[in-house]
Amino acid sequence: MRTRSDLELVHLTKAYGQTVAVNDISHVFPPASYICLLGPSGCGKSTTLRMIAGHESVTSGAILLDGTDISHLPPAKRGTAMMFQSYALFPHLSVRDNVAFSLRMKGVDKATRNARAMELLSLVAMDHLAERLPAQLSGGQQQRVALARALVNEPSVLLLDEPLSALDPFLRIRMRAELKRLQRELGITFVHVTHGQDEALALADQCVVMNNAVIEQAGTPREVWSEPRTEFVARFMGGHNVIGLNGARYAIRADQVRVDSTGLPAAVTGVEYQGDRVAVTTRAESGDEIVALVPEAAFFAAPINPGEAVRLGWDQGRMHRLEA
């Protein structure tokens, strides 16, 4: 059964002259789920988001929402809403009037639009600051107002372009939990663009990893992190070593590499203390860089220094073969 928030990209392409920013991508987003589009700068993730929002024209292909192609509709008629990185609040309007603004443009009467704005501000725990101006708010508070404003028209899909990048690390983690709670409470699809792997792993029901204008891999955070399909995904998601053996490339998780008395000879090139563990970076004779994450107590029981020769071991069953 299709739901209102069933979103699908069909052979979606965006070209600027000879430059292809998004190259023939097709993907069905699970309805009422939290999706993270992630990848390095320039991979096409923000362009994809802007095409879904209607802020970027489609060169070819279709964007379907509940089975209807919305790719030629103006942003306000799509059933989507976008929250921008800059928050873009009106400085001269109160918090409540910022949230109610689009309802005012639609001709909704003052009492109804104010009641709806207060309902949304309550959802993001900002109703007590309804009379303030944006300049009187912190970055995190402005973000909550921008979120309430994006949700006021009851979109089927909320689009978020790097919404946490301007916040300090502590607040970013708090807002992650807020966004996840909101998505669950509202039961709508959130599509969130980020280049932060930790953010995607913490938030997403599905991670869609983009690289060079295409989708390289999509799946649950655990699938994408534990079973990367390609060398790019293994390296981008982090936590993996990529090793060449017998003409093939394999990924092995850094937490599954042991510093052993037997195994592959390597030279230690760096040691980094990470609290509960120590990252020991080595270079094998093949030239491959291999990181072993050693539990903190084990490392300090037998410390290792850069320049030392070591041997590395792992269970062969833990190696994951990558596609070419």
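This is a predicted model: local features need pLDDT of at least 70, side-chain atom pairs count only at pLDDT 80 or more; totals for chains, interfaces and linings use all residues.
Residues are numbered from 1 along each chain as its sequence is written, and side-chain values use heavy atoms, with hydrogens and water left out.

Helices (H or I, at least four residues) and strands (E, at least two) are DSSP runs, numbered from the N terminus.

Helix α5 first. The 18 residues of α5, 169-186, should span 26 Å at 1.5 Å a residue, the expected span being 1.5 Å times one less than the number of residues. The end C-alpha atoms of α5 are 26 Å apart, which agrees. At the start of α5, a side-chain oxygen of Asp168 comes to within 3.1 Å of the backbone nitrogen of Phe170. After α5 comes Gly187, with a positive phi near 65 degrees.

Which residues of α5 are buried? Buried means under 20% relative accessible area, with a 1.4 Å probe and protein chains only. They are Leu171, Met175, Arg176, Glu178, Leu179, Lys180, Leu182 and Gln183. These residues pack against several elements, including β3 (34-38), α3 (110-123) and β8 (189-194); contact means heavy atoms within 4.5 Å.

Now the sheet. It is open, has 4 strands in the order β2-β1-β4-β5, and its pairing is antiparallel. Two strands pair if DSSP finds at least two bridges between them. The edge strands, β2 (19-29) and β5 (68-69), each pair on one side only. Strand β4 (residues 60-65) is joined to β5 by 2 bridges, and Leu65 has Thr68 in β5 as its bridge partner.

Note on methods. Buried means under 20% relative accessible area, exposed over 50%, partly exposed in between (1.4 Å probe, protein chains only). A polar contact is a pair of N or O atoms within 3.5 Å; within protein, one must be able to donate a hydrogen and the other to accept it, and residues adjacent in sequence count only if both atoms are side-chain atoms.
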